[in-house]
Amino acid sequence: MAYFRLALRPGIDKQNTEYGAEGGWTDCDYVRFRYGLPEKIGGWTPFNEEENYFVGLVSEVFTWKDLQGSPYAMAGTNRKLYVYYGGAWADITPIRSTTGAGDVTFAATDGSNLVTVTDTGHGAITGDFVTFSGAVSLGGLVTADVLNQEYEITEVLTANTYTITIPVTANASDVGNGGASVVGEYQINVGTDVTFVDFGWGTGTWGAFTWGTPRPPGAGVTLNSAVWQFDTFGEDVICQLVNGGIYVWDTSGGITGNRATAISGAPTKSTYALISTPDRHLICFGTETTVGTPSTQDPMFVRFSNQEDVNTFTETATNTAGGQRLTDGSRIVSAVRSRGQILIFTDTSLHGMQYLGPPYTFGFQQLGANCGCIGPHAAADVNGLAFWMGQEAFYVFDGTVKKLPCTVQDYVFKDINLVQGTKTHVGVNSNFNEVTWWYCSLTSDYIDRYVTYNYLENTWHIGTMPRTAWQDLGTFDKPLASQYLPNSTEPTISTIQGLTAGRSLIFNQEDGFNGNGQAIEAYIESGYFDIGDGDSMVFMKRFIPDFKDQQGNVTVNLFLRAYPQATASPSSLDPYVVAPGTQKVDTRARGRQIALKITSDELGTNWRYGTLRVDVQPDGLR
């Protein structure tokens, strides 16, 4: 029988059965579709050409340029805030409070590396960071140099005391208290890297309910993982800690000793924040009805500052500050600037916010219902089209809200950890016309899956590359992305004593063919095909490979079976190694249905698959 061309539809189809997906692809990892053909994705290398480890889980990577055109990057974790400029990173985590001289004392114990710190009303929680200065030696091994450093608080004992872990073991001579000039500088409270929802024993305030009675609805406690969100105001950066405070980082102050500071006059607790354009109002979403009073936070309230003035939120007859409460939903989740308006996503609906000018400043309208967003970083705008991920589907807004037809929908939403939905992060890869969502699978508390939509070619693909944040190219010539290593204890960009595990790395993406110096195991697998409607067995004698830009060897596996529910088995010569110069491959493969899998797992490999020309003929079982 003559050769025939085995051309497969682009995109991954997991809605069909393996047999129903005949003529298409059913599974892949580290593979994308471009120009209708599958290819291995690009590799990644350390940003700034070296591995810089950051404390905590990076939830947002943001890049911009100052007024002179110099590039910057910012990364926010659940424990720290960092900025990059001129080849160096700096810790710019806001300071919560600074003690007076002499308000802090130390107490060491012979034979222990735990030191008890006394500071009345310190306001710290376990895991917070504090930097001491002005201390003197305790008399033995615990010297002034040991104490005058940054520490992670090991355990909070009382409202007035906590412990730190010092890098030496105290001896019997360490009987001093650090002197009368000790100053403690406390950074803002850290957040968790995992969302907790608790409805069991110990939930809520002690004594709030009677012994042995179940907690009523609403008595559970939800602790969301800490997430940052950034936007520019001129060359400065607005830093919103989701469901927390809002800060500004002044670019003109340099990166040394220049920390982000709380915005004076702004709400102290908001869900999200954006700068509107071109009118330049700072807009806080899910914020306080009384500015500066956290207990008045309304998750559906929108408040905006005076025009060109991020410090004035109190509305008067002579400014443009104001606010509006939305309906349809229980909380605002996210917002994005889009074509002619700001889109506001609640947990159940979509609203539009348009600048009108005085006296109303902004107008609001509901644009869609039953189309909520899963997390603060799960929505993105691409040239006036807004894409977002809900809890059961993907959506697009192009003037009307529509569900995106998705060929991997069941695969994603039947195996997603919705409790960790706030971690879900969307990234735009404009060079490849892709929108990608990274999310936690059902059994994982950390991001371990991604799903990608090619919005020009209308195809979907999936994979396992774990990225907690993504920034498209523009400021820098490669996209930037972060990975979290929850058990890592690598040294970080600054020395912190008593530092516990949990580090992040930031990479240049689409850089080379390897993953940070390691081989990338990429594969794609097809559905089963047959001759006609499967009336005859198939004998495949050989195939002619068709790869473009191939570097290194590619492995082809053929899976054979007689019936759709039968166990697949390889052919006798399987696997088949295809080198860049391979002209044909003899197979001797026999089955009613045949599927193929293309894999590469060596350093430096790259490929794009075209079509296979296969020599097949009807055959019988032997």
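This is a predicted model: local features need pLDDT of at least 70, side-chain atom pairs count only at pLDDT 80 or more; totals for chains, interfaces and linings use all residues.
**Confidence**

The chain has a mean pLDDT of 92. Of its residues, 93% reach 70 or more.

**Nonpolar cores**

The largest nonpolar core holds 81 residues. Five of them have the most contacts inside this core: W388, M389, F394, W437 and I598. Take M389 as an example. Leaving out residues up to four places away in sequence, M389 touches residues including G372, C373, I374 and A378. F394 and W437 are also among the residues M389 touches, and both are on the list of those with the most contacts in the core. Another core lies apart from the largest one. This other core has 21 residues, including V104, F132, I153 and A170.

Which strands form the open sheet, and in what order? Four strands line up as 28-29-30-31, with antiparallel pairing. Strand 28 (332–338) and strand 31 (361–369) stand at the edges. Each has a single partner strand, so one side of each is left without a neighbour in the sheet. From one strand to the next, the twist averages 25 degrees.

Now look at strand 29 (residues 341–346) and strand 30 (residues 349–357). They pair in the antiparallel sense over four bridges. Here L343 stands opposite G352 in strand 30.

Terms used. Residues are numbered from 1 along each chain as its sequence is written. Side-chain values use heavy atoms; hydrogens and water are left out. A nonpolar core is a set of buried Ala, Val, Leu, Ile, Met, Phe, Trp, Tyr and Cys residues joined through side-chain atoms within 4.5 Å. Buried means under 20% relative accessible area, exposed over 50%, partly exposed in between (1.4 Å probe, protein chains only). Contact means heavy atoms within 4.5 Å. pLDDT is the predictor's confidence in each residue, from 0 to 100. Two strands pair if DSSP finds at least two bridges between them. Helices (H or I, at least four residues) and strands (E, at least two) are DSSP runs, numbered from the N terminus. Axes are lines fitted to C-alpha atoms, for helices over the stretch in contact, and angles run from 0 to 180 degrees between N-to-C directions.
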